[in-house]
Each structure stands twice: as structure tokens, then as C-alpha cells.
Amino acid sequence: MSELKILFTDIETSPIEAYTWGIWQQNISLNQIIKPTHVLCYAAKWLDNKRVMFDSVHKYKGKDASKKMLQTIHKLLDEADVVCTYNGKAFDIKHLNREFLKHGMKPPSPYKQLDLLQVVKGQFKLPSNKLDYLSQYIGIGAKQAHEGFGLWVKCLAGDKAAWKIMELYNKKDVTLLEELYYKLLPWIPKHPGRSTKEECCPTCGGNHLQKRGMATNKTGTYQRYQCTDCGSWSSGE
């Protein structure tokens, strides 16, 4: 139904390694940093495609391990028309762009960003905007359980069992993201047009539009529609 290539993605990063004089309210200067944060892995899937892709620095050996992993996500971003994330505008995409810059990679072809965290913050008042809370609240599941920070420490040490859990964790975030996308679809303002066909829903591309009164703006009065497939509203302007 979609004429857009919509990619769902989520990354995991390493912690910053630094020398510190204490554990409470510390200001870490640049010369205290031992190793900056870097992208450890990512999971991604195309809309309505069952395959969930995963790649990590653990898969590769040598000093080019990070670059080899980044080349695979760069290729996916380059193919995407829309990239859907949860807090991706502030986190995932900026981390990836930094890594692309570091490794001398050019920007992928332009794509539109759809950050579902911004949709949630803009449309709802929840006790928590975390993906895990929201997913359980609306009944689509929960994030993959793990031991916490220790998992990252083990992955950095090359623990194979820990990396298997990290893969499950990362992939689960992406499958939750797609399910959340469908739940939020009628609430997403100015969703990138899914179809160029006339008389179809610009949000989901569906063909079942119901006339629901008129919409008026500065340029005139237009027919208003509600999609009976996804529930979103549009007008014939």
C-alpha cells in the first residue's frame, strides 16, 4: 500500500569512558575522557517486512570494524524515503551522522525523519514517555529484559552470550517501534505522503475515505475526510 520506503531503526551506543574524581555531580573535562562514545550496533526493518536486520562492531575484526558496520546502516538510510525512530532526531541520527563524519563517509541521500517520541510528547500527557512504558500502556508488549549496564560492559569485553542478548534487545525495540507506528498513525500530524494516487489517504495510502464535513482555511473551503483504515483526517485542499 505504501509508495514510500519507510525504515524503522534503533541504535545502541557505548558509554563514555573517563577518569573521574568521584561519583556525584561530576564535571568531566575533555582531558579526562579515555574513550568517547561510539555506535555499538543497530537494528532496522522496512515497513511491513518481517525481516529485522542487525549489525554490530562485534561482527567484524580489526580497526575498520566500526566503519564496516556503519556502511551497512548508511546503505539502508540511503535507500529510505522516511526514517522512523523513537528519539531519533536528538539521539540515533545524530550519533550516526557523527560516525559517518569520523569515517569520511558522505551523507546518505536526503530522507524525512519521523520521530515518534515527538509525536507522543506533542499529542499525549503520560506519566512517562519512555518506549517501554508506552508500549505496555497501549498493550503492544514490552522491551526485552536484560541485566542493565552490565550488559554493555560485557559486550565491550566481547562476551558472545551478552551480544546475543543485545541483539534481541535491539531488535525488539525496532519491532515495538513499528507496532507503535501503526497505533499512532492517525495521531501523526503532517505524516509524509504515503501515496501519490488521488482519492486515497495521504497518511496510510488506503482507499477508504469517508466525507466528514468541510474544512476552512485562509485560501478557501475544502472537503474534509477521515480514513476508515487508519483513522487519520485529511482535506481535499
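Visitor: Hi! How many residues does the largest nonpolar core have?
Guide: It has 31 residues in this predicted model. Those with the most contacts inside it are Leu7, Ile73, Leu76, Leu77, Leu96 and Met166.

Visitor: Which elements give two or more residues to this core?
Guide: Those are β1, β4, α1 (65–79), α2 (92–102), α5 and α6.

Visitor: And what does Ile73 touch?
Guide: Leaving out residues up to four places away in sequence, Ile73 touches Thr9, Tyr42, Leu96 and Phe100.

Visitor: Let's switch to α5. Which residues are buried there?
Guide: In α5, residues 149–156, the buried ones are Leu151, Trp152 and Cys155. They cover an arc of only 100° around the axis, so they sit on the same side of α5.

Visitor: What do the buried residues of α5 pack against?
Guide: They pack against β1 (6–13), β4 (39–46) and α6 (160–184).

Visitor: What comes just after α5?
Guide: Gly158, which takes a positive phi of about 85°.

Visitor: Now the outside. Which residues form a nonpolar patch on the surface?
Guide: Ile16, Ile28, Leu30 and Ile33 do, and together they have about 390 Å² of accessible area.

Visitor: Where is Ile16?
Guide: You'll find Ile16 in the loop between β1 and β2 (17–18).

Visitor: Why does Ile16 count as exposed?
Guide: Because its relative accessibility is 52%, and exposed means over 50%.

Conventions:
Residues are numbered from 1 along each chain as its sequence is written. This is a predicted model: local features need pLDDT of at least 70, side-chain atom pairs count only at pLDDT 80 or more; totals for chains, interfaces and linings use all residues. Side-chain values use heavy atoms; hydrogens and water are left out. Buried means under 20% relative accessible area, exposed over 50%, partly exposed in between (1.4 Å probe, protein chains only). Helices (H or I, at least four residues) and strands (E, at least two) are DSSP runs, numbered from the N terminus. The arc is that of the directions from the helix axis to the C-beta atoms. Contact means heavy atoms within 4.5 Å. Patches are made of residues with over 30% relative accessible area and no salt bridge: like charges are joined within 9 Å, nonpolar side chains (Val, Leu, Ile, Met, Phe, Trp, Tyr) within 5 Å. Accessible areas come from the Shrake-Rupley method with a 1.4 Å probe; for residues, only the protein chains shown count as cover. A salt bridge is a side-chain nitrogen of Lys or Arg within 4 Å of a carboxyl oxygen of Asp or Glu. A nonpolar core is a set of buried Ala, Val, Leu, Ile, Met, Phe, Trp, Tyr and Cys residues joined through side-chain atoms within 4.5 Å.
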